[in-house]
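Me: I'm trying to learn how to read a protein model, so could we go through this one together? I'll ask as things come up.
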Amino acid sequence: MSGHSKWKNIMHKKEKTDAQRANVFTKIGKEITIAVKEGGPDPTSNSKLRDLITKAKANNVPNDNIERIIKKASGADAVAYEELVYEGYGPSGVAVIVEAATDSKNRTAGNVRHGFDKFGGNLGQTGCVSFLFSEKGVIIISGVDEYGDVVVDGDKLMEDALEAGAADFIEEENVYTVYTEPDDLSAVSEALTSKGYTLESAEKAKVPSTYVSLSAEDAEKMGKLLDYLDEDDDIVNVYHNWDEGE
């Protein structure tokens with residue numbers, strides 16, 4: 001959910017505990033609820049909902065759960081969540097964008113500010129770091145299975161992705177990242193799924209244009225900040241430009 005730099009941490013998703021998976025389901029459920037409230041329950045006419053269904057499926061949310069969330073969100077008694085975006089800086093000036101869906105703005109704002117203050121960062125004004133990011137569709141596919149055996153032909157995947165409408169393709173340590181224009185995410189995801197590829201992640205994300213390396217001390221603080229934000233059910237996405245690979 002976190003959109004970490006260069007997406008190197010994506011493989012840990014396979015090892016999430018039941019509690020962590022439930023946390024992911026809760027966050028996506030809130031996003032779906034907002035999308036239904038804004039654009040209706042039909043994904044064919046609600047592109048935001050369509051993209052979130054793609055995201056949910058890539059995160060192994062069962063179809064029954066997705067349908068139940070959409071039905072509940074369509075009802076008059078559905079919880080009204082507000083979308084909020086916070087921008088700020090982590091240790092050593094790492095740019096951070098936090099997206100939240102909450103029924104209590106004061107609670108969420110207080111929690112976010114506390115996290116930044118506690119782990120060496122500070123909240124900024126709207127727009128202070130967003131110019132460093134651009135929105136893209138991001139699809140992650142692992143080139144190896146759980147046993148470490150190669151299961152994806154990278155050249156064939158690149159050909160299939162570009163044919164499906166992808167804008168860019170990157171291979172890094174047997175992890176393939178397929179970038180799309182935001183509006184093409186669902187179509188490219190569906191095309192790759194239909195060809196037998198297993199998607200580790202598929203969602204719209206804010207991708208940084210530059211990355212920042214951190215000292216070991218600041219990296220530890222940044223990691224703790226991300227863990228803190230990830231554990232908050234109100235926070236649905238976190239994007240940053242920390243280069244975790246360095």
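Me: Which residue in β2 does E82 stand opposite?
Reply: In this predicted model, E82 stands opposite T102, which is in β2. The two strands involved are β1, covering residues 82-89, and β2, and they pair in the antiparallel sense over eight bridges.

Me: And how many residues are there between β1 and β2?
Reply: There are five residues between β1 and β2, which together form a hairpin, and in the turn S92 has a positive phi of about 60°. As background, most residues other than glycine have a negative phi.

Me: OK, what sheet do these strands belong to, and in what order do they come?
Reply: The sheet is an open one of four strands, ordered β3-β1-β2-β8, and the pairing is antiparallel. Its edge strands are β3 (122-123) and β8 (235-240), each of which pairs on one side only.

Me: How many bridges join β1 to β3?
Reply: Two bridges join these antiparallel strands, and as an example of a bridge partner, G88 has L123 in β3. On the β8 side, strand β2, residues 95-102, pairs with β8 over five bridges, again in the antiparallel sense, and there A100 stands opposite I235 of β8.

Me: What actually holds strands together in a sheet?
Reply: In general, the strands of a sheet pair through backbone hydrogen bonds, and they can do so in either a parallel or an antiparallel way.

Me: Changing topic, what is the phi of N60?
Reply: N60 is not a glycine, yet its phi is positive, at about 65°. N60 sits in the loop between α2 (47-58) and α3 (63-73).

Me: Is N60 buried or exposed?
Reply: N60 counts as exposed because its relative accessible area is 60%, and the cut-off for that class is over 50%.

Me: What about N174, where is that one?
Reply: N174 is in the loop between β5 (168-172) and β6 (175-180), and this residue, although not a glycine, also has a positive phi of about 65°. Its relative accessibility is 33%, so N174 is counted as partly exposed.

Me: One last thing, which residues form the negative surface patch?
Reply: That patch is made up of E135, E181, D183 and D184. Taking one of them, E135 belongs to strand β4, residues 133-142, and E135 is classed as partly exposed because its relative accessibility is 43%.

Notes:
Residues are numbered from 1 along each chain as its sequence is written. This is a predicted model: local features need pLDDT of at least 70, side-chain atom pairs count only at pLDDT 80 or more; totals for chains, interfaces and linings use all residues. Side-chain values use heavy atoms; hydrogens and water are left out. Patches are made of residues with over 30% relative accessible area and no salt bridge: like charges are joined within 9 Å, nonpolar side chains (Val, Leu, Ile, Met, Phe, Trp, Tyr) within 5 Å. Accessible areas come from the Shrake-Rupley method with a 1.4 Å probe; for residues, only the protein chains shown count as cover. A salt bridge is a side-chain nitrogen of Lys or Arg within 4 Å of a carboxyl oxygen of Asp or Glu. Lys and Arg count as positive and Asp and Glu as negative; His and the chain ends are not counted. The place of a charge is taken as NZ of Lys, CZ of Arg, CG of Asp or CD of Glu. Buried means under 20% relative accessible area, exposed over 50%, partly exposed in between (1.4 Å probe, protein chains only). Two strands pair if DSSP finds at least two bridges between them.
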